[in-house]
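These are my notebook entries on one chain. I record what I looked up, entry by entry, and how each term is defined.

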Amino acid sequence: QVQLVESGGGLVQAGGSLSLSCAASGRTLNTFDMGWFRQAPGKEREFVAAINWSGDGTNYADSGKGRFTTSRDNAKNTVYLQMNSLKPEDTAVYYCAASLTGYGLNIGSRYAYWGQGTQVTVSS
């Protein structure tokens, strides 16, 4: 079992930056691949970014490539999402999730554990 808690969401103007953190407890994160997803009002949940258990492999949705960076510090049991050059269309609730599947990490059903989400609002 693992519990995930996101933090760092808030209101930011377009073009600004925001850093999200996902802190884990209950079990060390170093056995999990980690992902970030988001869901905007009236839209389906979508993949944002993922990072493998060792932190040396990442992948990103096209929507965030070149703007978003995910990283992890297993010693701190924490995963991060750095978001730069934010756009109003980035407005959503952002979730972190943990998976033991090891593949297909752009698919939400691969993840066994989810955080509660943190709201990110980008104003124009």
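**Entry 1: the loop between β8 and β9.** I looked up Ser85 and found it in the loop between β8 and β9 (92–99); strands here are DSSP runs of E of at least two residues, helices are runs of H or I of at least four residues, and both are numbered from the N terminus. Ser85 is not a glycine, yet its phi is positive, near 50°. Is Ser85 buried, partly exposed or exposed? I noted a relative accessibility of 40%, which counts as partly exposed. The classes are buried for under 20% relative accessible area, exposed for over 50%, and partly exposed in between, with a 1.4 Å probe and protein chains only.

Pro88 lies in the loop between β8 and β9 as well. I recorded Pro88 as partly exposed, at a relative accessible area of 36%. Apart from neighbours within four places in sequence, Pro88 is in contact with Ala14, Val122 and Ser124, where contact means heavy atoms within 4.5 Å. I also checked Pro88 against Gly115: they are 27 residues apart in sequence, and their C-alpha atoms are 23 Å apart in space.

**Entry 2: sources.** I note that this is a predicted model, in which local features need pLDDT of at least 70 and side-chain atom pairs count only at pLDDT 80 or more, while totals for chains, interfaces and linings use all residues. Residues are numbered from 1 along each chain as its sequence is written, and side-chain values use heavy atoms, with hydrogens and water left out.

**Entry 3: two further loops.** I next looked up Asn77, in the loop between β7 (68–73) and β8 (78–83). Asn77 is not a glycine, but its phi is positive, about 55°. Its relative accessible area is 14%, so Asn77 is buried.

Ser63 sits in the loop between β6 (58–60) and β7. Ser63 is partly exposed, at 30% relative accessibility. From Ser63 to Phe47 I noted 16 residues in sequence and 9.3 Å in space, C-alpha to C-alpha.

**Entry 4: the nonpolar cores.** Which residues touch the most other members of the largest nonpolar core? In this core of 27 residues they are Leu4, Met34, Leu81, Met83 and Tyr94. The elements that give two or more residues to this core are β3 (18–25), β4 (33–39), β5 (46–51), β8, β9 and β11 (118–123). A nonpolar core is a set of buried Ala, Val, Leu, Ile, Met, Phe, Trp, Tyr and Cys residues joined through side-chain atoms within 4.5 Å. As a general point, nonpolar side chains tend to be buried together in soluble globular proteins.

For Met83, I set aside neighbours within four places in sequence; its contacts are then Gly16, Ser17, Leu18, Leu20, Arg67, Phe68, Tyr94 and Val120. I also found a second, separate core of seven residues, including Phe47, Ala50, Ala61 and Tyr111.

**Entry 5: the whole chain.** I counted the secondary structure as zero helices and eleven strands. The radius of gyration is 13 Å, close to the 14 Å that the globule rule gives for 124 residues, so the chain is as compact as a globular protein of that length. The radius is taken over C-alpha atoms, and the rule is 2.2 Å times the number of residues to the power 0.38. Buried residues make up 41% of the 124 residues. Of the contacts with a separation of 6 or more, 58% join residues 24 or more positions apart.
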